[in-house]
Amino acid sequence: MSVGPVIVKRLTRACEGDFHRIHCEATDNGWCHCVAWWVPTWDGWGERTAEQNAALRRQLFDAGTHDGYLIYSDDALAGWVQAWPRDAFAKLASQFGVTSDEDAWMIGCVLILPAYRGSGVAGRALEQVVADLRLRGARTIDAYPKRGASEPGELWNGPESTYRRLGFKVVKDDATRPVLRLAL
């Protein structure tokens, strides 16, 4: 598929509606609402309901937490990237053994809508996200891809190959879940 220009926009209160247009049943993304990293542990994660996750997302928005970027191609909504200061996510420290660093950011989710998958949108969007995080003061950015993933549902952290093309290096090797880091 050939796509036009890819533009990322920071998620703000004004574009919360586009966030919800991605995270809904119509796109088969209506369960998580991109709150997986916001809950303290994986215990019970699979038993949570879409309503519980949507309520947590509303709490985040109400608190002014707009933790990512919307992706557009030819002015059409194409996807979402979660990116936020890493220290906000206790689950990351626990799961991946990362230490506190107020200048470290994370990319937790890369969701590309089906019509745009395999078109290079993710890589082009992540380039822009990295550039914006640099402007926001990030000194490092961590990513947590699932190694060996091939199904779209398994690629929710983004593909390792895309991160490597962007200059991310493995800082904690693991057969299934490495930690990749980009020093800015």
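**Close-up views of a predicted model**

**View 1. Glu 160 counts as buried, with a relative accessibility of 14%.** Here buried means under 20% relative accessible area, exposed over 50% and partly exposed in between, with a 1.4 Å probe and protein chains only. The structure is a predicted model, in which local features need pLDDT of at least 70 and side-chain atom pairs count only at pLDDT 80 or more, while totals for chains, interfaces and linings use all residues. Residues are numbered from 1 along each chain as its sequence is written, and side-chain values use heavy atoms, with hydrogens and water left out.

Glu 160 forms a salt bridge with Arg 147, and the closest N and O atoms of the two are 3.0 Å apart; a salt bridge is a side-chain nitrogen of Lys or Arg within 4 Å of a carboxyl oxygen of Asp or Glu. Because Glu 160 lies in helix H5 (residues 160-165) and Arg 147 in the loop between S5 and H5, the pair ties together parts that are 13 residues apart in sequence. Helices (H or I, at least four residues) and strands (E, at least two) are DSSP runs, numbered from the N terminus.

**View 2. Arg 147 also forms a salt bridge with Asp 173, where the closest N and O atoms are 2.6 Å apart.** This pair links distant parts of the chain, 26 residues apart, with Arg 147 in the loop between S5 and H5 and Asp 173 in the loop between S6 and S7. Arg 147 is partly exposed, with a relative accessible area of 25%, whereas Asp 173, at 55% relative accessibility, counts as exposed. A network of salt bridges links Arg 147, Glu 160, Arg 164 and Asp 173.

**View 3. Asp 67 and Arg 57 form a salt bridge whose closest N and O atoms are 2.7 Å apart.** The two residues are ten apart and link distant parts of the chain, with Asp 67 in the loop between helix H2 (50-62) and S2, and Arg 57 in helix H2. Asp 67 counts as buried at 0% relative accessibility, and Arg 57 likewise counts as buried at 0%. A search of the whole structure finds ten salt bridges.

**View 4. Seven strands form an open sheet with mixed pairing, in the order S1-S2-S3-S4-S5-S7-S6.** Strand S1 (6-10) and strand S6 (169-172) stand at the edges and have a single partner strand each, so one side of each is left without a neighbour in the sheet. From one strand to the next, the twist averages 30°.

**View 5. Strand S7 (residues 179-183) runs antiparallel to strand S5 (residues 140-143), and four bridges join the two.** Strands pair if DSSP finds at least two bridges between them. Thr 140 has Ala 183 of S7 as its bridge partner, and Ile 141 stands opposite Leu 182 in S7. S6 and S7 also pair in the antiparallel sense, over three bridges, with Val 179 in S7 as the bridge partner of Lys 172. A hairpin of six residues joins S6 to S7.

**View 6. The largest nonpolar core holds 40 residues, of which Leu 70, Ile 71, Trp 80, Ile 107 and Phe 168 touch the most other members.** At least two residues of this core come from each of S1, helix H1 (16-22), S2, S3, S4, H4, S5 and S7, and H4 gives the most, with seven residues. Such a core is a set of buried Ala, Val, Leu, Ile, Met, Phe, Trp, Tyr and Cys residues joined through side-chain atoms within 4.5 Å. Not counting residues up to four places away in sequence, Leu 70 touches several residues, including Ile 7, Val 8, Phe 19, Ile 22, Leu 77 and Trp 80. A second, separate core has 16 residues, among them Ala 36, Leu 92, Tyr 144 and Val 179.

Technical notes
Axes are lines fitted to C-alpha atoms, for helices over the stretch in contact, and angles run from 0 to 180 degrees between N-to-C directions. Contact means heavy atoms within 4.5 Å.
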